[in-house]
Amino acid sequence: MAAVTPAKQARGTVFVRTEVCKGCSYCIDFCPSKCIEFSKDFNAKGYHFPVLTRPEDCSGCDLCGVYCPDFAIFGVRLKDLEKRIQAQRAEDKAA
Amino acid sequence: MDGDHAACEGALAAGCRFVAGYPITPSTEVVERFAQRIPLIGGMFIQMEDEIASSIAILGAAWAGKKVMTVTSGPGLSLMMEHIGYAAITETPCVFVDVQRGGPSTGLPTLPAQADMMQVRWGSHGDYEIIALSPNSPQECFDLMIKAFNLAEEYRVPVFFMMDEVVGHMTERVVIPEASAIEVMERRWTSKPPGEYKPYAADDDMVPEMVKAGDGYRIHITGLTHDERGYPAMNPPTQKRMMERLLGKIRNNREKLIDVRGEHLEDAEIVVVSFGITSRVSGPAIEEARKQGLKVGHLRMVIAWPFPASVIQQLALRVKAFVVPELNMGQMVLEVERAVAGKTRVISVPHPGGTVHEPQEILTKILEAAR
Amino acid sequence: MSNESCVADACNIELTPDLAMENPVMPFLRKERIPHIWCPGCGIGTTVNCFVRGLEESGLDLNNVAIVSGIGCTGRVAGYMNLDSFHTTHGRPIPFATGLKLANPKLKVVVYSGDGDLFAIGGNHFFHAARRNMDLMVVCVNNHTYGMTGGQVAPTTPRGATVSTMPFGNFEDSFNLPFIADACGAVYVARWTVYHVKQLARAMKEGLAKKGFVFIEAMAPCPTLYSRRNKLGDGVEQLKYFKEKSVVKHGASTKDVGLTFQGEIVVGKFVDRERQTWLDSMNEHFTGYFGDKYQRYGGNHVKD
């Protein structure tokens, strides 16, 4: 497991399931921090998918997740993510 | 007790606890009695806004675990057609009571007919199978109604209870047995746990086991062509598999589903084929013909669909003619002709409805057959 | 979740696939059926997110929640939800749901369908279920057109919009859905657009908690048909229109919230009142009539 060292200002991040994205751009246009952009790459269906280009600005508010009509992206606060990671590590250890 | 009321009692005895209906002559007495009876029995009656709503409210109730019924007559039945297809493809156990009246359209609201026989078999679009029973007395309205519910559970198809205005409004003595003496088929609940259960996976008998909403199975039920999981899968192989099973579960059991009553068939040269109220009118005509020395037998179809073709085929090898009286302009006679396949004569005794046949009309055709 | 691609490396978090989190909506969906059939920029998926969040916060036991849809694009919602789900016939989800609910009153039954399904072919059922105050939550995704069949005129198509069966522009007046729901007796009536995701999610939560006939109109773009044919841009452009032209007016008189072509959209919670449900009325009435002989229907969960 790699160490978690968040960038200075980042409070959150996003995950994208690129293969189900249909490139509607809701997450990009309605991101309150304007931290997501279209990738240059495209997925198997030919859609450009979102990437987090200004991670330091992401608050992990998950508004992208609520807007995304394709269930392709979601945001998470880093502190929640860390908790989750710790919980999972504890689980792994127990197992 | 009249036939409509007896039908209601039969449904209650069979375990029916959910009825949705819409008033229509001459069927309304069935639901009126149900509305009277159900509050203290513990069940639900709701008068919906139309027959379309009634016919799908019962399907919703069936998926919540109830035994269900709706009751109507011709015009209402026409409105229910889409949900007969939906019940067939979703394999929802349900009973549709059709107290037949003269048609087409509004026709003869207060007068009898047997003119919906083809509609219940073929009225909804696409290929499917149903079961239809034809009672001819208030007693049978009770007895056969229990059978109708049992068949709905056994095969998971819509079952039609084909009454008519005369049977519905005829008053006769009805013997209702002790509850313990009534054989009631319960739903075929699955014993599989969630995760293992697939709503449309079936064994050799082709009838899948059922669950109900709220049991934690998280089922998906759709009117689209679906796979064993119940998920839409709109492709030819899935359609083929689904149709083979939807039709096969009835077609493979055709012989088992034969319910006919025969009289004087041993030596018969002429056989009157009848169902429902017409079977009672045929009786005196047959007796009169026999008095005149003609060898006339009577074959009455209690289950009209699936059609008892094999019985007709057997008889066709040895009788001179079939005489088919029915309160329509010739519907089930087409099935008789199909089964006979030209091997012997088939004589239709049509009647436009509004009243039953005079026995003389049937006798005349029997005499014609004998010539 | 090996198929989640992590784009968080830019913030120096290195996540191995097993540490990648699952989208919080996924447990509420039939995962194996995603991706769904909806077009790029279609707003239906966004309403589903809001519904899921409402469901999550409602605290309901999901085994006791059933979802019923009719036919059409929104009619496919039921099939994607990891609930007991029923995809019924065109226009008839409400009477199906009525049967389901009355046969097992313990179930929370949600009807999720489109404007054509619920208000054209299914209009009559809507009126009567609301009149009876049937305990159902009805979510209507209003995209102003029939999407599945190619963008024909709907009872919600604004006058002046162009659709395939009104090729020279729609000359019919459209329904004001909250007004209908209010007039027929709904106990909760709200309208939001898919721009208003937080408010819509809250409405879903409130609706799920409310007893009686709940109506939520969720306006959503149909970029492929309605927007394209009317040269309104893509889904984002429609959401921007929703954002710019929406006015929040809680408690607005529903007769004043009718929609016009690309005009002002009044959103908010318009109605929130109490009325005895059909089943409670029946139980109370029968208890009064029959006295002790009557056993409250649905009081004990049906065990058969």
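**Close-up views of a predicted model**

**View 1. Helix H1 against helix H2 in chain B.** In chain B, the axes of helix H1 (residues 3-14) and helix H2 (residues 28-41) come within 8 Å and cross at roughly 40°. H1(B) is therefore oblique to H2(B); angles under 35 degrees count as roughly parallel, over 145 as roughly antiparallel, 65 to 115 as roughly perpendicular and the rest as oblique. Axes are lines fitted to C-alpha atoms, for helices over the stretch in contact, and angles run from 0 to 180 degrees between N-to-C directions. Helices (H or I, at least four residues) and strands (E, at least two) are DSSP runs, numbered from the N terminus. The crossing of H1(B) and H2(B) is right-handed, a crossing being left-handed if the near helix is turned anticlockwise from the far one by less than a right angle, and right-handed if clockwise. From H1(B), Asp4(B), His5(B), Cys8(B), Glu9(B) and Leu12(B) meet Glu29(B), Val30(B), Arg33(B), Phe34(B), Arg37(B), Ile38(B) and Ile41(B) of H2(B), where contact means heavy atoms within 4.5 Å. Sorted by class, this contact of H1(B) with H2(B) has six nonpolar, one polar and five charged residues (Ala, Val, Leu, Ile, Met, Phe, Trp, Tyr, Cys and Pro count as nonpolar, Asp, Glu, Lys and Arg as charged, and the others, Gly among them, as polar).

The model is predicted: local features need pLDDT of at least 70, side-chain atom pairs count only at pLDDT 80 or more, and totals for chains, interfaces and linings use all residues. Residues are numbered from 1 along each chain as its sequence is written, chains are lettered from A and ligands numbered from 1 in the order in which they are written, and side-chain values use heavy atoms, with hydrogens and water left out.

**View 2. Helix H1 against helix H6 in chain B.** H1(B) also packs with helix H6 (residues 138-155) of chain B, their axes coming within 7 Å and crossing at roughly 30°. This crossing of H1(B) and H6(B) is right-handed. H1(B) contributes Gly3(B), Ala6(B), Ala7(B), Glu9(B), Gly10(B), Ala11(B), Ala13(B) and Ala14(B), while H6(B) contributes Pro138(B), Cys141(B), Phe142(B), Met145(B), Ile146(B) and Phe149(B). The contact of H1(B) with H6(B) has 11 nonpolar, two polar and one charged residues.

**View 3. Helix H9 against helix H12 in chain B.** Helix H9 (residues 277-291) and helix H12 (residues 359-370) of chain B pack at an angle of about 45°, with their axes 8 Å apart. H9(B) is therefore oblique to H12(B). H9(B) passes H12(B) in a right-handed crossing. Val281(B), Ser282(B), Pro284(B), Ala285(B), Ile286(B), Glu288(B) and Ala289(B) of H9(B) make the contact with Pro359(B), Ile362(B), Leu363(B) and Ile366(B) of H12(B). By class, nine nonpolar, one polar and one charged residues take part in the contact of H9(B) with H12(B).

**View 4. The two domains of chain B.** Chain B is divided into domain 1 (3-181) and domain 2 (260-370), with bounds that come from an automatic or database domain assignment. The centres of domain 1 and domain 2 of chain B, taken over C-alpha atoms, are separated by 26 Å. In chain B, 29 residues of domain 1 are in contact with 25 residues of domain 2. About 2000 Å² is buried between domain 1 and domain 2 of chain B, and carbon and sulfur atoms give 57% of that area; buried area is the accessible area (1.4 Å probe) that two parts lose on being put together, summed over both.

View 5. Most residues other than glycine have a negative phi, and most peptide bonds are trans. The peptide bond from Gly103(B) to Pro104(B) is cis, with omega near 0°, and Pro104(B) lies in the loop between strand E4 (94-102) and strand E5 (108-112) of chain B. The bond from Ile34(C) to Pro35(C) is cis, with omega near 10°. His264(B), although not a glycine, has a positive phi of about 55°.
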